[in-house]
Amino acid sequence: MIKVLLNEDEIPRQWYNLAADLPTPMLPPLGPDGNPVTPDALAPVFPMNLIEQEVSQERWITIPEEVLEILYKWRPSPLCRATSLEKALKTPARIYYKNEGVSPAGSHKPNTAVPQAWYNKQFGIEKLTTETGAGQWGSALSFACALLGLKCKVYMVRISFEQKPFRKLMMQVWGGECVASPSTQTKAGRDILAKDPDTPGSLGIAISEAVEEAVTDASGKTRYSLGSVLNHVMLHQTIIGLEAKKQLAKIGENKVDTVIGCAGGGSNFAGIAFPFVADKINGAQIDIIPVEPSSCPTLTRAPFAYDHGDVAKMTPLLPMHSLGHEFVSPPIHAGGLRYHGMAPLVSQAAVEGLITPRSVDQLHCYESALMWARTEGFIPAPETSHAIAAVVEEAVNAREEGKEKVILFNWSGHGLMDLLGYDAFMSGKLGNYPLPEEELQRSIKSIEGLPKAEARRTGRW
Amino acid sequence: MLGHLVPFRYCRSLDRLPCRRMVQCWSSQIDVREYLRKRFNDQEIAAILSPGQPKISQLLDLVRRAKGQAP
C-alpha cells in the first residue's frame, strides 16, 4: 500500500477550531492603542463572515458546499506511505505524508485561498488584494479568485518579482494582476519610490500597498487577504489533518506517534497538527513537532526585545568579520520560513507544551530534500524540506531504538518553482547560519528587565 | 520569505531602517550590533531591534495610515 485515498463523499465537512479546546483560552489580540481588537475594527480589511471565524470559539465550523465543490478538484489529497525512504533509512518506522503538492498552485495555500475568496464573494466583495514574497500565496489566491470570478491584485516584492518570474506568470495565467512593489499605484508605494527609485522593495511595503488599495476603494468592494498567521487561516488548513485521520483509520493505523510540519507563519503545521493536538488535549500520547530554520528561530529560542538602555550598553563580544566599507558577506537564502510572525494559536500550543518545536539547519534540510527526491521522487519545496529533515531524524531514532513508530507529516508543497535554491545548495553556495549561542544569551540577558507577556499555561504537558 | 538568495545589502537597506530580523539572520556572519552602532543612533537601533507588532495590530495600524489618520 502506497496511497490511501478518500472518496469525495468522505471528505471532512467541518473545519476544526483549536481555539475552542485550548486549555488556556487565547487572550484577545490588542490593537495599536493597546485595547482589545473589536470585530468592527477589522471590517475595512476583511468581510464580517471571515472576522466571525477569526474570533470564533466554536469547535467545529461547517465547510460550505460550494467551497467543497472547488476543493474536490484536488481534495481529498492522498495520504502516502514513504516506503522507499523507509527502506533507504532501514527504519522500522512507518512514514506517512499528506501530499499537498497536488493542488493547482502546488502547495497547501489554496486550502485557505478558496474559502477566503468564497466568503468575500458572499459578502459582496469583487476584488481581493494581497502581498507576496516568493509568490506561493499570490499564486494560490489568484487561482482561487479565478475560479470564483473575483479580481485579484498581488503586490509582489520587487526583488522577487525580478528574480522569480514564474510565480508571477502563474498569477497572470489565472488572471491575477501582479505588480512589482513598491508601485506607483498607491500613496505608500509612491512615497517610497520618491525617496529611492531603485528600492528592491520589502514585504512591509507590499502589505502597506495591498491594505491601502483595499481600504481606499470608495466602492467598498475590495478587501485584503492574508495567507498565514491568522486564526481563520489555521482553521481552513485543518482539513489536511482531518483527512489524514480518516485515511489512517481506513488502513488500521489507530495510533500515531509523531506528527511533523514545517513552521513559518504556522498554517501548514496547524493544518496537519491541530486535529492531533485535540487528541493530545484529550489524553493521547503524541509528539507534535513544528520545525523551523535554525537561522531564524521563532518558537525554539527566545524572542528579541531591547529597550534604549540595553542598546546603549551593547558591546561586541563575538569574533567576527571586520565590517569595512568593502565587506561583502555571502548571501543568505531567504526561504519561506523566515517569516516575521508566528500564528498566535501555534505559539499558545507551544507555551502549553502541547507541541515541541525543533529547529534544523539549512544544509541538513537540503540534504534531506535530495534524499527524499531520490527515493520518493517528488521534489519538495525548500520549506517542506525542514519537515523532511525532522522526519529523517525521527526515523533514524526509531531505527536506533528498534521501535515501530508511526510518523505523519505534511508534505506541504513541491519545489518546482524553487530550483534556484537547489542550484545554490548543489553548487556549494549555501552554508549553515545558526544564531550563535553567545548572541542568543546576550539577547536574553538584555530583555531580562523588560515586561514580558504572561506565559499562560496549565502545566499539564 | 522571498524564496531566493538575499545579500546583506538588501537587509540593511529595507525601508528607512534595516530589517529587524538582521540579528537573527546575519549574526553568524556579521557583528550586526557593531554594524548598527556605527551607523545609527540609539533611538534608531531600538526601533530596529524592537519586537514586531502582532499581525492584527500591524493590519490595524496600516488601516489607520491608509485612511490618513496616522499621527
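## The model and its confidence

The structure is a predicted model, and the predictor assigns the complex an ipTM of 0.82 together with a pTM of 0.89. For chain B the average pLDDT is 78, and 86% of its residues score at least 70.

Chain A has 461 residues, of which 59% count as buried, and its secondary structure comes to 19 helices and 14 strands. Among the contacts in chain A with a separation of 6 or more, 80% are accounted for by residues 24 or more positions apart.

Chain B has 71 residues, of which 56% count as buried, and its secondary structure consists of five helices and one strand. Along the sequence these elements follow the pattern β-α-α-α-α-α. Residues 24 or more positions apart make up 31% of the contacts in chain B with a separation of 6 or more.

## A parallel sheet in chain A

In chain A, four strands form an open sheet with parallel pairing, and their order is β8-β7-β6-β9. The edges are taken by β8 (177-181) and β9 (222-224) of chain A, each of which pairs on one side only. From one strand to the next, the twist averages 25°.

Strand β6 of chain A, covering residues 127-132, and strand β7 of chain A, covering residues 151-157, are paired in the parallel sense over six bridges. Within this pairing, T130(A) has V154(A) in β7(A) as its bridge partner. Helix α6 of chain A, residues 136-148, packs on the sheet and touches both β6 and β7 of chain A, while its direction makes about 165° with that of β6(A).

The loop between β6 and α6 of chain A contains G133(A). With a relative accessibility of 1%, G133(A) falls under the 20% limit and therefore counts as buried. From C-alpha to C-alpha, G133(A) lies 18 Å from G175(A), and the two are 42 residues apart in sequence.

## Helices α9 and α10

Packed helices are described in general by the angle between their axes and by the distance between those axes. Helix α9 of chain A (residues 187-195) and helix α10 of chain A (residues 203-216) pack at an angle of about 145°, and their axes are 8 Å apart.

On the side of α9(A), the residues in this contact are K187(A), A188(A), G189(A) and I192(A), and they meet I205(A), S208(A), E209(A) and E212(A) in α10(A). Sorted by class, the contact of α9(A) with α10(A) has three nonpolar, two polar and three charged residues.

## Helices α12 and α13

Helix α12 of chain A (residues 239-250) and helix α13 of chain A (residues 267-281) have axes that come within 6 Å and cross at roughly 65°. Because angles of 65 to 115 degrees count as roughly perpendicular, α12(A) and α13(A) are described as roughly perpendicular to each other.

From α12(A), the residues I240(A), G241(A), L242(A), K245(A) and L248(A) meet G271(A), I272(A), P275(A), F276(A) and D279(A) in α13(A). By class, the contact of α12(A) with α13(A) has six nonpolar, two polar and two charged residues.

How values were computed. Residues are numbered from 1 along each chain as its sequence is written. Chains are lettered from A and ligands numbered from 1 in the order in which they are written. This is a predicted model: local features need pLDDT of at least 70, side-chain atom pairs count only at pLDDT 80 or more; totals for chains, interfaces and linings use all residues. Side-chain values use heavy atoms; hydrogens and water are left out. Two strands pair if DSSP finds at least two bridges between them. Helices (H or I, at least four residues) and strands (E, at least two) are DSSP runs, numbered from the N terminus. Axes are lines fitted to C-alpha atoms, for helices over the stretch in contact, and angles run from 0 to 180 degrees between N-to-C directions. Contact means heavy atoms within 4.5 Å. pLDDT is the predictor's confidence in each residue, from 0 to 100. Angles under 35 degrees count as roughly parallel, over 145 as roughly antiparallel, 65 to 115 as roughly perpendicular and the rest as oblique. Ala, Val, Leu, Ile, Met, Phe, Trp, Tyr, Cys and Pro count as nonpolar, Asp, Glu, Lys and Arg as charged, and the others, Gly among them, as polar. Buried means under 20% relative accessible area, exposed over 50%, partly exposed in between (1.4 Å probe, protein chains only).
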